Every structure is written in structure tokens, then in C-alpha cells.
Amino acid sequence: MADVYNWQIKREMSYPFEGNRPQRQGSAVFDLNKCIACQTCTIACKTTWTSGKGQEYMLWNNVETKPWGSYPLAYDAQILDMLGPQSWDGDKYAGQTVFEAVPQGEKVLGFLPNDLDYAYPNKGEDETNNTVDQDTYYLKFPHDNWFFYMPRICNHCTYPACLASCPRTAIYKRPEDGIVLLDQERCRGYRECVRACPYKKAFYNHVTRISEKCVLCFPAVEKGMLTRCMRTCIGKIRTFGFVGTPETADPENPVDFLVHIRKVGLPLMPQLGLEPNIYYIPPIHVASMRFLNMLFGPGAKNAIDAYQKAMRGEDNELLGCLLLNVSSDRIIKKFKVTGETVTGWDMDGNEVAKIPIRMPQIVRPFHDEDLKVYRYNVG
Ligand code: SF4
Ligand code: SF4
């Protein structure tokens, strides 16, 4: 075991290999306030990568309804339960990670889901956290009765548990973009990666008898394009790009801006210790801060405050950055807000998006003097 630094838990931790950060890290920020669970991302991925034999149950991208949804069944509850107490000392994690709470002789704390755990991809869909009483129908923030949609893909972790656990060293992390790939020639189907990945984003193909996982659409990323799940996102919830560390954060890079500068993008279950690279803007309507802290760490309250400030029109830079989501099929490397306009440039420095921050509002008079008519649709 080596000691590596994990900035998401603000401390060194044990990991089976020496730390070796890629030159740049493929990453994304998902705004959970905007996901409508249309599953377009799920289908875009499914039809591109997992429509073959033995892949029927595979969802490299899935969208689950929190708090009850999970795929495979209770993947999150099970690993959090196994991990034991997860306390934070401010923003430093004081508990153990899955590499530290590991039983003697194993590399990663994990479990293998059984077949039936993969049988309920819609478990908990649209179910609220609580029963809805008559007096809780009205809208308020946060709301006592809540649910939200959470899209999930492989996190292309900085410290991947799948990679750490593989006895064949068949899994590797590309130095040029941090994408975690599985070499199917080397894999012998031991399913150690399936057992180890706490997000359960490594899958076993029972026809080919080897494992498979999300490839972050690397042929597209190599060309400066968005992945399939990102570019088809109907809700435009996804910012895709490359993320740095807190020390190297570039305020003009949309992902760095959301994660490191405004700190609205938070990792999923950072206490597990993998330094996952898909980030989430927490939902503002959820009344249980305990639940949000469990999922996204101690920064949830600050993230919600910063997000709400932008939505009130008090932070044009953040608003502008979020408006660029899926505004182009190119990866936006740099953005700038000038007055009431946000502009985005791709990896080659070409301008690929220019968007007004506020749409002009036109109010037509109720009584039109010229036409001598009354209108009812005046908004
Ligand atoms: S999410 Fe799972 S499969 Fe993806 S890199 Fe991390 S440990 Fe590996
Ligand atoms: S396509 Fe976008 S809005 Fe639709 S479910 Fe996927 S992440 Fe949510």
C-alpha cells in the first residue's frame, strides 16, 4: 500500500498503487436541479455501447430516483453500511475509505451484487422520501417531501477501486485524459472489479465471460467532442470537460469553475476514497441536509447557497457557466461572461457558443390600442 493524497477528503490515504495523476482528467458536472429523468442519456449510451449479447442488463449510464432508487439494488446503502462510521472533521474526512477499511488479505472493501440486484432498474422511481399529507402539497424550499433524479456513469476515478482490485492488471487509467479502460484481452472474468467498484459501474458479460465498463466515449473525447450521454442530454444538465486539482484550477475552465472556484459541483460519496471525477450540483429542494451530506460530503449547504444566489441573478458568472451546458457538441475549454452574454470556446480555441444570460421578456398590452382588441395571453 502507498500513501496518496486525495483532495476531496483533504488527507492522505492508503491505495494499492503509487499516485500517478493523468496529464488531464476527463470530468463532468451534473446539475441535479435540472434532470427530468427522460432517460435519453441512458438510451443514447445503450444503443451506442451495450446492445450486444450478455449486455442486456448493463446500464453504463443509468438514472435513479433518490432516495429509494439504486442500480444495482441498494449498491450505495450496502457499501456505506459496510464502511462503518463516516465522520468529517470540517472538510477533512475522519473515517476510513474502502482501501483502509479492507479485510486482511483483500485490496478493496466491496461486495458482489447477485443476479436479482440487477432486476430492478426502476426501483423507487418517482417515490418521495415520505408519505405526502394534504398540508404538504404547496411548494416551498426546501420541501419536507422530496425526491430527485440522479444520473450516474463511471466516475473515471483518480484512485479507481476496479483497477486496484484486478488480479490481471487488465484495468488501466490513460495518462492523456484519465479515462479508465478495461483491456478485454487481459481480462479473465474474475469479477473482482465488479466486487470492488462501490458505484457498481463495472459489469460482467456472462456470454463473453469477461468484464466491461464505461469508456467515456473516448473516440469522441479524443476529437474534442462530448460523449453520447452528455450531448443528447435533454435537460442540458451536463457540463463536460477536464478537471484540475484545487491548486491548478483554471477559473476560465467551466468544470474547474464549478468544482473548485464556486464549489457547486460535489463528488459522489467522497468518503469512499476514490476521488470520483463526475460531480453533482445538489438539489435545492431537499429538506434533509444529512442525506445530502451523506451523498455529496460536507460542502452541500455551501453549494446550494451559491447555486441559489446565481438563480436570484446575483452571480452572472455562475449563471452564464451553467447556461453553456450542452450548448455545443464540442468540449468547451474556456468560457467568459461579458455583460449579459456568455461565450464558450472549444479545445482548438474556436468560439462555439454565445448565449444571452437572460432571455428578453416581451409583455404585450392587455388592450391593444391599434387593433382595438383585448388579449388574454399577454405574458
Ligand atoms: S466508478 Fe467504478 S468502474 Fe469507474 S473508475 Fe471508479 S471504481 Fe472503476
Ligand atoms: S438526458 Fe439529461 S435530463 Fe434526461 S435523464 Fe439523462 S441527465 Fe437527466
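Tutor: Let's begin with ligand 2: its shell has eleven nonpolar, three polar and no charged residues. Here Ala, Val, Leu, Ile, Met, Phe, Trp, Tyr, Cys and Pro count as nonpolar, Asp, Glu, Lys and Arg as charged, and the others, Gly among them, as polar. Keep in mind that this model is predicted: local features need pLDDT of at least 70 and side-chain atom pairs 80 or more, while totals for chains, interfaces and linings use all residues. Residues are numbered from 1 along each chain as its sequence is written, with chains lettered from A and ligands numbered from 1 in the order written.

Student: Which residues are closest to ligand 2?

Tutor: A residue is near a molecule if its C-beta atom, placed from the backbone, lies within 6 Å of it. Around ligand 2 there are 14 residues, the closest being Cys35, Cys38, Cys41, Cys233 and Gly235. Two elements, α1 (40–49) and β7 (148–152), each give two or more residues to that shell. Helices (H or I, at least four residues) and strands (E, at least two) are DSSP runs, numbered from the N terminus.

Student: And what classes of residue make up the shell around ligand 1?

Tutor: Ten nonpolar, two polar and two charged. Cys154, Cys157, Pro160, Cys162 and Cys197 are the closest.

Student: How do I read the order of strands in the open sheet?

Tutor: Strands pair if DSSP finds at least two bridges between them. The four strands here run β12-β3-β14-β13, with mixed pairing. β12 (238–243) and β13 (266–267) each have a single partner strand, so one side of each lacks a neighbour in the sheet. β3 (residues 25–31) pairs with β12 in the antiparallel sense over six bridges, and Ala28 stands opposite Phe240.
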